[in-house]
Amino acid sequence: MNDFFSQYGDEIFELTLEHLWLTLAAMLFATAIAVPLGVWLTRRPQWARPVLGTANVLQTIPSLAMFGFLLPLPWLGDRAARVAIIALTAYALLPILRNTYTGIRSIDPSLLSVAQALGLTDTQRFLKVELPLASSFILAGLRTATVTCVGIATIAAAVGAGGLGELIFRGVASVDNELVLAGAIPAALLALACDGGLGLMERWFRVPGPSPAP
Amino acid sequence: MSAGIEFRNVGFSMAGRRLLTEISFAVEEGTTTAVLGRSGSGKTTLLRTVNRMVDPISGEVLVHGKSVRSADLIALRRSIGYVIQETGLFPHMTAERDVALVLEAQGCPHEDRVHVARDLLGVVGLEQRVFSGRYPHQLSGGQRQRVGLARALAADPRVLLMDEPFGALDPLTRAEMQDMLRDLLARLRKTVLLVTHDLDEALYLGDRIVLLEEGKLIAHLAPEEFLQSREPAVEAYVRAFHRGELSAAGEKRA
């Protein structure tokens, strides 16, 4: 065991960081796209179906196929990490988009009407009423998206983007179970940690009340 | 005395249905007018034309002699207090923050806001030390309405719009709230438009009573005139309200 760690410890650490970086970068892009887009959809609900539908379709593409599609593209294909981040972003869009949209749409319309009647401007209504009331929904979306990305990022190693998947793929190729576990266990722990951490945040932002928002 | 709120031939229709027809009356400054009518008679719609939550398709509404249409929308709404039944408090805000929300929106400094909010909680009969940090779900129905009223008073508006403010309360709590409101209005001299379907509430709080039926103004009378009116719709409303009383009295006589 000690031998194993002295041999692979540094590599596991490095690959974990790489894995985390791929996930974080993708989440950053996905949030920057999906939250504003979700908010926009609440203003233009007629666009909700086509946009959510498209995000849904992206979600159904098998991850290996997605990496395969992106690899031959110019500029993107030059670096495996780029391909991985773009693909992960695509997967993260739907949960964030859907939760932002539903979170804001599910706010009691009479509260929004009160906000209007009190003389809040549109921006104030959004920042002081809609966003805080929808925040736990949005965070729940971020949480689902993050956990999904941590999982899918292991596949990114197939196109040479690094991350913990590298150990898994190498282990499978050389029929070395220890190596497979050296990749799989940290990846699972990472997913659990993200889930737990974001879960705590979600609870923190939950609207106080006897029946907490779902 | 001048008019605090004035309706001039106000008409409104939605989806081909006429909700308000040629409504004209005035609420004198510093007085309360109660608007009575059954559900769907257009009371709430009429109230909402004052702060332009609804824009009439004909006629005009004036607040202190100025047409609301020419006023800046946000400034107009901030200058008018608004109380609605039950659902009006924000679940993610403490009583203190909710009360001072209009001031927060106006960019008033935090300490001043807290000061005003705490004062107002006292004015509506809530001990500020106990209640300022409470969320709506930690308040009873009556307490929530008090917070709602305090919020409507935060920007010190001259005009108050109240849409069935006590509709969801039990009769005893409602009576307490009506007493509190009556005292408060006697002191503050606000111009109030109060929508209600409760005749007793209208008689108790209103200086004038308006009866709407299917979007038309049927009566605009002082409370004592209202009770004696021979207008069929008014008589029907009064009779519908005192049925229990009349039947109990009748049984005793029999």
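What follows is a short exchange about a predicted model with chains A and B.

Trainee: Which way do the residues of strand 3 of chain B point?

Mentor: Thr32(B), Ala34(B) and Leu36(B) point one way. Thr33(B) and Val35(B) point the other way. All are buried.

Trainee: How do you know that strand 3 of chain B pairs with strand 8 of chain B?

Mentor: Two strands pair if there are at least two bridges between them. Strand 3 and strand 8 (residues 191–195) of chain B have 4 bridges, so they pair, in the parallel sense. Val35(B) stands opposite Val195(B) there.

Trainee: How many bridges join strand 3 to strand 9 of chain B?

Mentor: The number is 4, and these strands run parallel. Strand 9 covers residues 208–213. In it, Leu211(B) is the bridge partner of Leu36(B).

Trainee: Now the sheet with the order 2-1-4-5 in chain B. What kind of pairing does it have?

Mentor: Antiparallel, and the sheet of 4 strands is open.

Trainee: Why is one side of strand 2 and of strand 5 left without a neighbour in the sheet?

Mentor: Strand 2 (17–28) and strand 5 (66–67) of chain B stand at the edges. Each has a single partner strand, so one side has no neighbour in the sheet.

Trainee: What makes strand 1 and strand 4 of chain B a pair?

Mentor: The cut-off is at least two bridges. Strand 1 (residues 3–14) and strand 4 (residues 58–63) are joined by 5, so they count as a pair. One bridge joins Phe7(B) to Val61(B).

Trainee: Which residues touch the most other members of the largest nonpolar core?

Mentor: Ala84(A), Leu88(A), Ala92(A), Cys149(A), Val35(B) and Ala154(B), out of 124 residues. Helix 4 of chain A, residues 80–105, gives the most to this core: 15 residues.

Trainee: What is Cys149(A) in contact with, leaving aside neighbours within four places in sequence?

Mentor: Contact needs C-beta atoms within 7 Å. The partners of Cys149(A) include Leu88(A), Ala92(A) and Met27(A).

Trainee: How many helices and strands does chain A have?

Mentor: It has 8 helices and 0 strands. Buried residues make up 39% of its 214 residues.

Notes: Residues are numbered from 1 along each chain as its sequence is written. Chains are lettered from A and ligands numbered from 1 in the order in which they are written. This is a predicted model: local features need pLDDT of at least 70, side-chain atom pairs count only at pLDDT 80 or more; totals for chains, interfaces and linings use all residues. Helices (H or I, at least four residues) and strands (E, at least two) are DSSP runs, numbered from the N terminus. A residue is buried if 20 or more other C-beta atoms lie within 10 Å of its own, exposed if 12 or fewer, and partly exposed in between; C-beta atoms are placed from the backbone. A nonpolar core is a set of buried Ala, Val, Leu, Ile, Met, Phe, Trp, Tyr and Cys residues joined through C-beta atoms within 7 Å. Two residues are in contact if their C-beta atoms, placed from the backbone, lie within 7 Å.
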